[in-house]
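Here is a friendly note to read alongside the model. Please keep the structure open as you go through the points.

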Amino acid sequence: MSETDGNIYIGSYTGAPDSKQNFALKWANRHGLIAGATGTGKTVTLQVLSEGFSAAGVPVFMADVKGDLSGMCQPSEMQDFLVKRANIIGLGEDYKAQAFPCAFWDVFGKEGTPVRTTVSEIGPILLSHMLELNDTQEGVLNIAFRIADEEGLLLLDLKDLRALLISMYDRAAEISAEYGNVSKPSIGAIQRALLRLEDQGADKFLGEPALELKDFMRSNIDGHGYINILNATELMQSPRLYVVFLLWLLSELFEKLPEAGDSDKPKLVFFFDEAHLLFNDAPKPLLEKVEQVVRLIRSKGVGIYFVTQNPQDIPETVLGQLGNRVQHGLRAFTPKQQKFIKVAAETYRQNPAFDVADVITELGVGEALVSTLEAKGTPSVVQRVLIRPPSSRLGEASASAKDMARKADGLGDKYDSTIDRESAYELLLERAKAKEAQMTKAAQTQPKKRASNRQSVAEAAIKSAVRAASSSLGRQLMKQLMRGLLGGLKR
């Protein structure tokens, strides 16, 4: 992969192999867009850019939604069609096979190192979106987080949040008097949503050890930035979980990275594939958060690149902040599609040599309209470009190559095993124990003034859990009791 003078070479102008199309690293934190219909070459463009960033020492993060990006850990097989493309664009003998350092991640821990965060780090806004809560239920969840902060209850995993909600169910009248209405049906609805989320595998994502950002921002001994590949083939079956994970990661980068100012290259480049999922049916507070992060995160040295089929998938407030654009072919079979293409064409700095709207529908596979930021951060005139072939392998890596890469990245010892430290679940059980002991003592000293035997559903569940906690099967029984409580809440 050639990277010279602070530029990434991504291809040559169509019909003019001596005219190179470069991508300036200095402006890579001004974000970008890779768009185009299915099968037009978006994935190869993403791969070429990732190789260029890695060669320049810039770490990369991407989600592999189709399972065909892992090949970057192996050198290209130099197939005939790749060599032919290299010759057409004037790369010739400079086209060489090369592998890149890759770290494989997987929320479910099956095809990569587990990646986790805590319930507290996700926060109520993202968690509400993931649970598909209505406004009333979101309000109750916000109160739950507030109570956790005030009472020193760490919310690390799903069982912590469940235990807190059970406590709130039993104290609903008391909490409502202080914070506003907290209805038991709303708590029940949240509990059922948590159960659905657990069935989708979110319990593997929420917990400890939580991801440390520094492990996404590494270079190997040769100075190449690591390409972090999230296996998202299974994760995409739960699109809300996929979106919340990526939004959480962006928020973490925004909140924890120091200001970087202007630099010769970014600290990290983040590719957001299937970007339309981020904006489909997203509530206004979530969209505002996305717009804020995109606008401000570039000052932290992070570039965000959205990968999607149509630029119209991106809201105008976000699209206007994407300075580097690679537009592959679009198809215009309907009047609506023709209108979209016309609008997309108008966003480019026009080239007098051709009509952008016409060319978008004529582009071949691996060909794109490219406009990048140049001197002083102004958009370049749009050019018709043949994208260079990647130096790493196209498609999925072999199982042995992925295993070797996982061993080489040295992250397994840190993240493979879960940690379950004292948090809200344990503290609430201790409180329940103390309360039961106090009630037992009072009953023994005043046998003739026994209180009513009637209990709330939540009190009965917590008292049963206390008894179960003393046995070797305590944890399993606690889980069963929680599920039993959900049945009670439904009634």
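1. Let's begin with T308, which sits in strand β10 (residues 302–308); strands here are DSSP runs of E with at least two residues, and helices are runs of H or I with at least four, numbered from the N terminus. T308 counts as buried because its relative accessibility is 3% (buried means under 20% relative accessible area, exposed over 50%, partly exposed in between, with a 1.4 Å probe and protein chains only).

2. A word on the source: this is a predicted model, where local features need pLDDT of at least 70 and side-chain atom pairs count only at pLDDT 80 or more, while totals for chains, interfaces and linings use all residues. Residues are numbered from 1 along each chain as its sequence is written, and side-chain values use heavy atoms, leaving out hydrogens and water.

3. Which residues does T308 touch? Leaving aside residues up to four places away in sequence, they are L33, I34, A35, G36, K42, A275, H276, D313 and I314 (contact means heavy atoms within 4.5 Å).

4. Strand β10 also holds Y305, whose partner F53 lies in helix α1 (residues 42–55), so this pair ties together parts 252 residues apart in sequence. Both F53 and Y305 are buried.

5. Now look at F205 and F245. F205 is buried at a relative accessible area of 0%, and F245 is buried at 1%.
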